[in-house]
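Work through these exercises with the structure in view. Try each task before you read its solution.

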Amino acid sequence: QTYYKKSISFPKKKKTTEALRENLPPKKKGRKELSDLWDLRFEELKAFKLEHGHCNVPRTWLANPQLGTWLNTQRKQYRLSKQGMSSKMIPARIHKLEQLGFQWSLCEKQDWDVRFQELVQ
């Protein structure tokens with residue numbers, strides 16, 4: 001028995017600019033889009049606080065995992081700005097988050113000391 005490969009013909013691809021653009025990775029978001037995204041997440045945080053009474057969204061919150069990840073990024077950017085390193089955290093955003101009652105650190109040293117003393121007793 002002899003087996004032959006079937007000849008498969010593929011349609012020729014257009015070499016137009018549009019065809020080439022289809023294969024490019026998505027464009028990076030511009031400043032306006034990132035700013036809009038920041039405002040959207042901030043509004044989601046306000047809604048979370050209204051419902052739960054605090055801004056401590058779990059990092060893996062199933063109802064909105066992006067919000068927990070976003071908050072983690074905000075904390076990281078804040079730490080970088082406080083260390084004098086390059087950061088996207090601007091004073092206006094810091095002010096908005098602090099006005100809402102956002103905690104920059106969830107593990108305060110004072111809280112740790114208090115909890116440790118409770119364990120010792």
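Rings of Phe, Tyr and Trp (its six-membered ring) pair if their centres lie within 6.5 Å. Planes under 30 degrees apart count as stacked, and planes over 60 degrees apart as edge-to-face. Keep in mind that this is a predicted model.

**Exercise 1. Describe the fold of the protein chain in outline.**

Solution. 
- Step 1: Take the secondary structure. The protein chain has 5 helices and 0 strands.
- Step 2: Read along the sequence. The pattern is α-α-α-α-α.
- Step 3: Turn to burial. Of the 121 residues in the protein chain, 21% are buried.
- Step 4: The protein chain exposes about 10,900 Å², and 55% of that comes from carbon and sulfur atoms.
- Step 5: Turn to contacts. Among those between residues at least 6 apart in sequence, 46% join residues at least 24 apart.

**Exercise 2. Find the aromatic pairs and classify the pair Trp38 and Phe42.**

Solution. 
- Step 1: Search the whole structure. There are 5 aromatic pairs.
- Step 2: Check the distance and the angle. The ring centres of Trp38 and Phe42 are 5.4 Å apart and their planes meet at 10°, so this pair is stacked.
- Step 3: An α-helix has 3.6 residues a turn, so residues three or four places apart point the same way.
- Step 4: Trp38 has 4%, so Trp38 is buried. Phe42 has 6%, so Phe42 is buried as well.
- Step 5: Phe102 and Trp104 are both buried.

**Exercise 3. Which residues form one aromatic cluster with Phe42, and which charged end sits over the ring of Phe42?**

Solution. 
- Step 1: Name the cluster. Trp38, Phe42 and Trp70 belong to it.
- Step 2: Locate Trp70. This residue is one of the buried residues of H3.
- Step 3: Look over the Phe42 ring. The charged end of Lys96 sits there, 4.7 Å from the ring centre.

**Exercise 4. Check the length of helix H3 and follow one of its residues, Gln77.**

Solution. 
- Step 1: H3 (residues 65-82) has 18 residues, and at 1.5 Å a residue it should span 26 Å. The C-alpha atoms at its ends are 26 Å apart, so the two values agree.
- Step 2: List some buried residues of H3. Among them are Leu67, Leu71, Gln74, Gln77 and Tyr78.
- Step 3: Confirm Gln77. Its relative accessibility is 16%, so Gln77 counts as buried.
- Step 4: Set aside neighbours within four places in sequence. Gln77 is then in contact with Ser87, Lys88 and Met89.
- Step 5: Look past the helix end. Gly84 follows H3 and has a positive phi, near 75°.

**Exercise 5. Is Glu44 buried, exposed or partly exposed, and what is Glu44 in contact with?**

Solution. 
- Step 1: Read its accessibility. Glu44 has a relative accessible area of 22%, so Glu44 is partly exposed.
- Step 2: Set aside neighbours within four places in sequence. Glu44 is in contact with Asn64 and Leu67.
- Step 3: The C-alpha atoms of Glu44 and Asn64 are 8.9 Å apart, while the two residues are 20 apart along the chain.
- Step 4: The side chains of Glu44 and Arg41 are joined by one of 3.1 Å.

Terms used
Residues are numbered from 1 along each chain as its sequence is written. This is a predicted model: local features need pLDDT of at least 70, side-chain atom pairs count only at pLDDT 80 or more; totals for chains, interfaces and linings use all residues. Side-chain values use heavy atoms; hydrogens and water are left out. Helices (H or I, at least four residues) and strands (E, at least two) are DSSP runs, numbered from the N terminus. The expected span of a helix is 1.5 Å times one less than its number of residues. Buried means under 20% relative accessible area, exposed over 50%, partly exposed in between (1.4 Å probe, protein chains only). Contact means heavy atoms within 4.5 Å. Accessible areas come from the Shrake-Rupley method with a 1.4 Å probe; for residues, only the protein chains shown count as cover. A charge sits over a ring if NZ of Lys or CZ of Arg is within 6 Å of the ring centre and within 35 degrees of the ring normal. A polar contact is a pair of N or O atoms within 3.5 Å; within protein, one must be able to donate a hydrogen and the other to accept it, and residues adjacent in sequence count only if both atoms are side-chain atoms.
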